[in-house]
Amino acid sequence: MINVQHLKKSYGTHPALRGISFSIKQGEFYGLLGPNGAGKTTTISIISTIVKPDEGTVTIDGMDLASDPIACKKIIGVVPQEIALYDNLTAQENLMFWGSLHAVDKPTLKKRIDENLEMMGLSDRRNDKVKDYSGGMKRRVNIAASLLHLPKILFMYEPTVGIDPQSRNLIFEVVEKLHKAGMTIIYTTHYMEEAERLCDRIGIIDNGEIVAQGTLNELRTQSAMKGSINVQFGNFSPEKEALLKTSFNSGSAIIDNKFIYPSDDVKKDLPKLIIKCSELGLEPTHIDIEEVNLETIFLKFTGKKLRD
Amino acid sequence: MFRIIAKDFKIFLTDRRAVMLTFFLPIMLISIFAMAFGKEKENNAQPINLLVCDEDHTNATADVITQLDSIKSLRVTMIPLDSGQRMVKTGNESALLVFHKGFKDSMDAGKKIPIELLYDQARAPEVGILQQALMSNLMRIIGTKTIMKREMERADKQFSNLDTSILRNIHKQIEAGFNQSAGDNTGGIGISMTPLIEDKQGNLGLIQAIAGTSVMMLMFGVMAMGASILDEKEKGTLKRLMYAPISTNSLLFGKMITSIMVGVFQLAVMLIYSKIMFGLDLMHNFPALILLVFATAFACSSLGVLLASVARSRQQVQMLSTLIVLSMSAIGGSMIPTFMMPPFMQTLSHLSVNYWSIQGFYDIYWRNLAFTDPDFLMRPLVLIAIGTALTFTSQFFYKRNVLKMT
């Protein structure tokens with residue numbers, strides 16, 4: 001459905017994308033994860049036609065994005081990170097406006113608005129101005145506004161940021177329903193549990209490159225990790241932090257004064273780690289061993305926590 | 001307390017908008033008003049334009065016109081009567097001095113000399129200055145000649161028995177004596193003053209008030225409308241619009257058309273209010289009024305959209321729009337009628353949207369120009385040309401600045 005080849009983009013002298021390539025199949029739920037500044041926004045902005053790449057090609061449903069952006073836009077829906085709605089209009093008016101941009105005829109549009117508001121649990125608030133909605137309700141309208149033209153591909157940019165658990169669960173249900181209905185979804189999030197729950201495949205992007213991609217199991221295999229050793233110290237200092245960083249492999253990281261060491265053999269690495277800490281004069285106060293999950297895989301590949 | 005004062009000063013000085021509005025804007029307005037109303041430096045005084053029509057075509061009129069032209073404070077332009085009257089009627093010049101047929105004969109006979117100043121009453125202050133300059137100079141030139149001629153004739157009669165060479169000598173002495181005392185003899189010369197356009201119903205102030213205020217407020221209104229482009233960018237709705245299968249130009253032009261419609265509506269409301277409250281006759285020249293309203297709304301909207309395309313934030317738009325609207329209004333005649341300004345300010349006023357629109361209103365309501373009159377049509381056409389140029393420029397900056405998504 002989406003084929004991205006050797007995509008490059010620079011802003012001034014800063015390369016945002018360094019030639020990334022990936023493909024997404026029809027009906028697939030693809031998670032694009034990466035720390036801030038990794039290139040996620042640029043990638044999605046290019047595929048969703050609002051930024052032009054310096055190099056590379058993107059084909060969407062067999063259409064070349066560069067030569068026919070309008071045709072590509074017709075089959076794309078984008079749920080932006082921001083609540084991109086008009087506060088002084090009602091939910092109904094907002095949806096009428098956004099739907100009308102996709103040339104959906106009025107009766108069909110009205111029907112779809114009814115369906116979407118029902119799906120989002122907002123039917124009874126349809127005539128209230130958006131400015132009077134809670135954050136979660138706004139997020140739901142924000143999603144509904146991207147679905148009115150029945151897109152084949154849906155880009156969802158952190159759709160659950162800053163909302164209540166009830167709205168979050170409702171959004172998950174909606175997204176899963178859309179996925180089951182065969183929609184191709186590209187999803188970015190800073191919440192690992194969302195990506196683990198929803199995505200068929202995950203691409204990890206860092207410094208403008210795809211550093212790993214596959215299903216969660218494939219990523220586990222690629223990471224060659226068995227778990228992570230997390231160590232807390234009583235006498236931590238910036239100097240010792242620097243020593244730790246240079247003493248261990250690139251996948252390790254220090255987050256919130258906790259040293260996280262992704263390990264492919266915990267039994268072997270744990271004693272080595274304790275000896276090394278002793279040599280550096282560090283006194284561990286707490287050690288725990290965590291199973292491999294997306295968070296540790298991400299850490300292994302990027303050296304950063306997802307929310308960095 | 002000192003820390004609070006220091007902190008507030010620091011915040012104030014880092015707020016460029018506040019600093020500009022506090023210092024730069026008043027300085028600029030003071031400068032404009034001072035240049036319009038204040039005393040000009042003697043050496044900077046610009047000569048006053050004077051259209052002159054010679055219907056007498058005699059040596060006497062040629063001599064007087066040459067002498068007028070030699071006066072530093074006047075810039076004389078010869079023109080036929082019809083053209084001169086049209087120049088005044090269309091607001092291009094404030095007055096026309098006509099030397100009527102019989103000027104020489106009247107001067108020779110010592111009768112009332114037929115000189116007439118045809119003028120536009122809307123430019124009374126300007127005409128007043130001109131009239132003053134003309135009175136003193138014409139009386140000096142013509143008055144001296146008339147009395148000198150009378151004295152010479154009296155000498156001829158009194159000493160008719162003398163030799164002609166002696167009489168010539170007496171003439172020379174009389175002439176020398178009058179030349180010495182030139183300027184003191186102003187005996188009895190008057191310029192008849194005739195307004196070509198008269199303020200019969202006291203409309204002049206009303207036209208200025210309605211046109212000046214409406215255009216200025218329209219500019220403020222559409223500038224804010226244009227700035228909503230930046231609101232859309234800041235809120236993220238612009239990005240969402242860009243995801244839709246519509247061209248980027250339709251985003252810009254959609255915004256501009258809305259702005260024009262709001263502008264037209266705003267002007268319509270102001271004009272209807274003026275009709276209800278002050279009796280402005282909207283149907284006086286309706287097609288011309290419609291054309292002028294649309295042209296003005298277009299030019300102002302383009303300016304608003306350009307500003308939004310160039311500026312980086314809404315705050316910047318607000319600062320720039322206040323600055324631009326007030327300065328354009330000040331030089332363009334919204335605050336002070338342009339005819340009250342010195343000549344260089346009048347030239348400068350052509351750079352403002354206000355000028356062309358206000359002059360259009362004068363054409364309709366004061367000068368009574370027809371819809372098809374080229375002098376009237378020029379005003380909306382210039383506004384449309386300004387609007388078109390600004391739209392093209394906006395399009396460039398809009399793509400470069402506003403649509404640039406990172």
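Trainee: How many bridges join strand 1 of chain A and strand 2 of chain A?

Mentor: Eight bridges, and the two strands pair in the antiparallel sense. Keep in mind that this is a predicted model. Strand 2 of chain A covers residues 14-24. As one example of the pairing, V4(A) has F22(A) as its bridge partner in strand 2 of chain A.

Trainee: And which residue takes a positive phi in that hairpin?

Mentor: G12(A) does, with phi near 65 degrees. The hairpin has two residues between its strands.

Trainee: What about strand 4 of chain A, how does it pair with strand 1 of chain A?

Mentor: Also in the antiparallel sense, over five bridges. Strand 1 of chain A spans residues 2-11, and strand 4 of chain A spans residues 55-60. There, K8(A) has E55(A) as its bridge partner.

Trainee: Over to chain B, then. At what angle do helix 10 and helix 15 of chain B pack?

Mentor: About 130 degrees, with their axes 11 Å apart. Helix 10 of chain B and helix 15 of chain B are therefore oblique to each other. The crossing is right-handed.

Trainee: Which residues meet there?

Mentor: T248(B), L252(B) and M256(B) come from helix 10 of chain B, and they meet T391(B), S394(B), Q395(B), Y398(B) and K399(B) in helix 15 of chain B. Sorted by class, this contact has three nonpolar, four polar and one charged residues.

Trainee: Last one: how many residues does each chain bring to the contact between A and B?

Mentor: Chain A brings 16 residues and chain B brings 12 residues. On the chain B side, helix 9 (residues 237-243) gives the largest share, five residues. That side of chain B divides into six nonpolar, three polar and three charged residues.

Key
Residues are numbered from 1 along each chain as its sequence is written. Chains are lettered from A and ligands numbered from 1 in the order in which they are written. This is a predicted model: local features need pLDDT of at least 70, side-chain atom pairs count only at pLDDT 80 or more; totals for chains, interfaces and linings use all residues. Two residues are in contact if their C-beta atoms, placed from the backbone, lie within 7 Å. Helices (H or I, at least four residues) and strands (E, at least two) are DSSP runs, numbered from the N terminus. Ala, Val, Leu, Ile, Met, Phe, Trp, Tyr, Cys and Pro count as nonpolar, Asp, Glu, Lys and Arg as charged, and the others, Gly among them, as polar. Axes are lines fitted to C-alpha atoms, for helices over the stretch in contact, and angles run from 0 to 180 degrees between N-to-C directions. Angles under 35 degrees count as roughly parallel, over 145 as roughly antiparallel, 65 to 115 as roughly perpendicular and the rest as oblique. A crossing is left-handed if the near helix is turned anticlockwise from the far one by less than a right angle, and right-handed if clockwise. Two strands pair if DSSP finds at least two bridges between them.
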